[in-house]
Amino acid sequence: MKRFMAMLNRNKTKDPPPTKLLEFAEQLCQDLQNSSPSLEKLVGAMMGCKHKMYFLTNIHIVRACVFVHTHNGQYDTACRLLEYCEAKEKEELVQLWHEIHYQRFMEEHHTDFLTPLQKFRCRKRNPPPNSLCPEGLKNRNYSDEVRQQLHRFAAEVTANPNKEQREGLARNLNLQPTQVYNWFANYRRRQKS
C-alpha cells in the first residue's frame with residue numbers, strides 16, 4: 001500500500017498516468033477485496049486524485065469502489081460512479097448497478113435477503129442508465145402485431161389451445177412454444193380476475 005501511495009504521488013502530474021500505476025491499483029484492489037479498511041484507504045486515494053477517470057476504466061477498481069461506497073451506505077455515490085465510469089464490461093456494470101439497489105432495499109427494509117420477486121421489482125424501479133445499456137434494456141413484451149394475433153386467436157378460436165395449435169402459433173409468430181403456452185396461461189388468469 002505504501003509503495004502504491006508513493007508511486008501515486010510521484011506520478012500525480014503525469015497525464016495519462018503510467019500503465020504500471022494502473023496495473024498496480026488493479027492488483028491491490030484484487031488483493032484487498034476482503035480487507036475493508038485498507039481497501040477504503042486505497043479507494044479514497046484513487047478517487048481523490050486527478051487520475052480518477054483513468055482508474056475507472058478498470059472493472060476490478062470499479063468493483064472495489066462500488067463495494068466501499070455501498071459498504072458505507074453511499075448508494076447514490078456508487079451509482080454515479082457506475083454511470084460515468086469507462087469500464088468496458090457493461091454486463092458486469094449492470095449487475096453491480098442492481099446489487100447496489102438490492103443492498104439499499106435490504107437496508108431500508110431491515111432484511112438479510114431478497115426474494116426473486118423483490119429483486120425483480122427492485123430492478124424495475126431502478127433501471128440502469130443508458131450509459132450502461134447503450135442498446136437499451138431488453139423488452140420482454142411482444143410487439144403489438146404479435147399481441148393482436150394472440151388476442152384474436154383467443155377470442156375467435158380458443159383461449160386454451162392444444163399442443164398442436166400452440167406449436168403452429170409459435171411457428172407463425174416466431175416465438176417458442178413455451179412463450180405461447182405462458183401467454184395463454186396468463187391471458188386466462190387475467191380473464192378470471
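**Helix packing and buried positions in the predicted model**

The axes of helices H5 and H6 come within 8 Å and cross at roughly 165 degrees. The structure is a predicted model. Angles over 145 degrees count as roughly antiparallel, and H5 and H6 are therefore roughly antiparallel to each other. H5 passes H6 in a left-handed crossing. On the H5 side, the contact is made by Val62, Cys65, Val66, His69 and Thr70. H6 contributes Tyr75, Thr77, Ala78, Leu81 and Leu82. By class, 7 residues of this contact are nonpolar and 3 are polar, with no charged residues. An α-helix has 3.6 residues a turn, so residues three or four places apart point the same way.

Helix H5 also holds isoleucine 59. The relative accessibility of isoleucine 59 is 7%, so this residue counts as buried, the cut-off being under 20%. Beyond its neighbours within four places in sequence, isoleucine 59 is in contact with Ala87, Glu89, Glu92 and Leu93. Leucine 93 is 34 residues away from isoleucine 59 in sequence. In space, the two C-alpha atoms are 8.1 Å apart.

Val146, Gln149, Leu150 and Phe153 of H9 meet Gln165, Leu169 and Leu173 of H10. The contact of H9 with H10 comprises 5 nonpolar and 2 polar residues, and no charged ones.

Helix H3 covers residues 36-47, 12 residues in total. At 1.5 Å a residue, H3 should span 16 Å. The C-alpha atoms at its ends are 16 Å apart, in agreement with that expectation. The buried residues of H3 are Leu39, Leu42, Val43, Ala45, Met46 and Met47. Several helices take part in covering these buried residues. Among them are H1 (2-10) and H2 (19-31). H4 (52-55), H5 (59-71) and H6 (75-84) are also included.

Burial extends to a loop position. Asparagine 11 is placed in the loop between H1 and H2. Its relative accessible area is 7%, so asparagine 11 is buried. With neighbours within four places in sequence left aside, asparagine 11 is in contact with Pro18, Leu21 and His51.

Notes. Residues numbered from 1 in each chain as written. Predicted model: local features only at pLDDT ≥ 70, side-chain atom pairs only at ≥ 80, totals over all residues. Heavy atoms only, no water. Helix = DSSP H or I, 4+ residues; strand = E, 2+ residues; numbered from the N terminus. Expected span 1.5 Å × (residues − 1). Buried < 20%, exposed > 50% of the residue type's maximum accessible area, 1.4 Å probe, protein only. Contact = heavy atoms within 4.5 Å. Axes fitted to C-alpha atoms, helices over the stretch in contact; angles between N-to-C directions. Parallel < 35°, antiparallel > 145°, perpendicular 65-115°, else oblique. Left-handed = near helix turned anticlockwise from the far one by under 90°. Nonpolar A, V, L, I, M, F, W, Y, C, P; charged D, E, K, R; others polar.
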